[in-house]
Amino acid sequence: MNLKIDGHSPIPIRRQLTEQLKHVIESGGVARDQALPSIRELAGFLGINTNTVARVVEDLKQSGYVEARRGKGVFVAPAPPVRPSPHLRNGFLQDTVMRAAALGMTADDLAVAVLSVASVRPAAVQGTVEVLLVECSPPELDFFAGQLEAHLPVRVDKVLLGELATVARRQKQAGRWRAAVTSFCHLPEVERLLSGRGVPVIALLAEAHLETLHRLAQLPSGTRVGVASAAVATAHNLEHSIANAGLPNIVLVGACAAQGAALGRLVRRVDVIVCSTAAAERVRGLAGPAVQVMIDDRALDQRAIEMLAALLVRQNGDRPAAAPPAGQNRLSPRPSSGRKRPNRRTRRRGRTRAMVRGQ
């Protein structure tokens, strides 16, 4: 393991070591089920306090990266967490460091600058933003919500397409959404139902994973491929994604939900089934050994996430501060106690202090 602790860095030593060990584990620097050096060994090697290393190990255990085995030590978990897009994240960090170096910035300069910017980051990056998600089925809602909340610090409010008309009538509720997201096929209807409510709508695109397309491209010419998922809409979306790849060696036979008789008919007509994790057990039970099963839970197109993030941050800069509720003073949430009303200068100082606390 290539670990390095900088005692002069503004980043706390505990945070430095925690993030480095997470990165090492995620990148395969320490194999699954392999033991980590002991707390004393790590502390001695890095020249830091054993209590700090012990707290780091406890952090890693709490987040699922390692596990303690009685009498044997601390081992990398068999299935440690995987943060979204590790390769994209590493590429972004490397590019950022290179650009900073070109400007004459050291690693410490960059760290201090990032911390400085983060301390005044907009609400869109503080997890205080609510986003409306509209889809046609619960599996689609769960899939997109999980993807969005994994990539962006937002809270997703899930609404089925069939219920949006009723929900949209609640103007007060619609006002709290900073944006609405939905699939391309539902975009016109969602825009119509939210028209006049000041909620911008962004279309999301979920594609088959590149690994799946690569595996499909290696199949023999004429291979018959079917698609199944927990919901028929999800299955058709995945089928369209594969069709758009234009693979000449496969023949798409059809798509269906994992429940019902249609799946049994589909597996009898194909050589390969591409399906979601939720549908895999039933697909394998019906398919038998002659049909190859490929698991693909789709990936949200990164460009849609970037569009949503840019919209939220831009809105934060354009939007005025929220007005306090009627009859309630922004700086004094409690009812008046009859004390003397502060003068204008005092109120201005109080407002400044409140804004600083809220950042």
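**Briefing: salt bridges, strands and a buried asparagine**

R14 is partly exposed, with a relative accessible area of 35%. This residue forms a salt bridge with D59, the closest N and O atoms being 2.8 Å apart. The model is predicted.

**Salt bridges**

- The pair D59 and R14 links distant parts of the chain. D59 sits in helix α3 (residues 50-62) and R14 in helix α1 (residues 13-26), 45 residues apart.
- D59 is partly exposed, at 26% relative accessible area.
- R69 and D33 meet through their side chains in a salt bridge of 2.8 Å, N to O. R69 belongs to strand β1, while D33 lies in the loop between α1 and α2 (39-46), 36 residues away.
- R69 counts as partly exposed at 26% relative accessibility. D33 counts as partly exposed at 38%.
- R224 forms a salt bridge with D271, with the closest N and O atoms 3.0 Å apart. R224 lies in strand β8 (residues 223-229) and D271 in the loop between α12 (261-267) and β10 (272-275), so the pair ties together parts 47 residues apart in sequence.
- R224 is partly exposed at 35% relative accessibility. D271 is partly exposed at 29%.

- Strands β1 (residues 66-69) and β2 (residues 73-76) run antiparallel and are joined by four bridges.
- V66 has V76 in β2 as its bridge partner.
- The two strands form a hairpin with three residues between them. In the turn, G71 has a positive phi of about 80°.

**Four-stranded sheet**

- An open sheet of four strands has the order β4-β3-β5-β6, with parallel pairing.
- Its edge strands, β4 (154-160) and β6 (201-204), each pair on one side only.
- The twist averages 30° from one strand to the next.
- Four bridges join β5 (residues 177-183) to β6. S183 has L204 in β6 as its bridge partner.
- Helix α6 (residues 138-151) lies across β3 (129-135), β4, β5 and β6. Helix α6 runs at about 170° to β4.

**Buried N249**

- N249 lies in the loop between α11 (232-244) and β9 (250-257).
- N249 counts as buried because its relative accessibility is 10%, under the 20% cut-off.
- The side chain of N249 reaches the backbone oxygen of L219 at 2.8 Å. A polar atom of the N249 side chain also lies 3.3 Å from the backbone oxygen of A217.
- Leaving aside residues up to four places away in sequence, N249 touches L216, A217, Q218, L219, P220, S221, G222 and T223.

How values were computed
Residues numbered from 1 in each chain as written. Predicted model: local features only at pLDDT ≥ 70, side-chain atom pairs only at ≥ 80, totals over all residues. Heavy atoms only, no water. Pairing = 2+ DSSP bridges. Axes fitted to C-alpha atoms, helices over the stretch in contact; angles between N-to-C directions. Contact = heavy atoms within 4.5 Å. Buried < 20%, exposed > 50% of the residue type's maximum accessible area, 1.4 Å probe, protein only. Polar contact = N/O pair within 3.5 Å; in protein donor to acceptor, adjacent residues only side chain to side chain. Salt bridge = Lys/Arg side-chain N within 4 Å of Asp/Glu carboxyl O.
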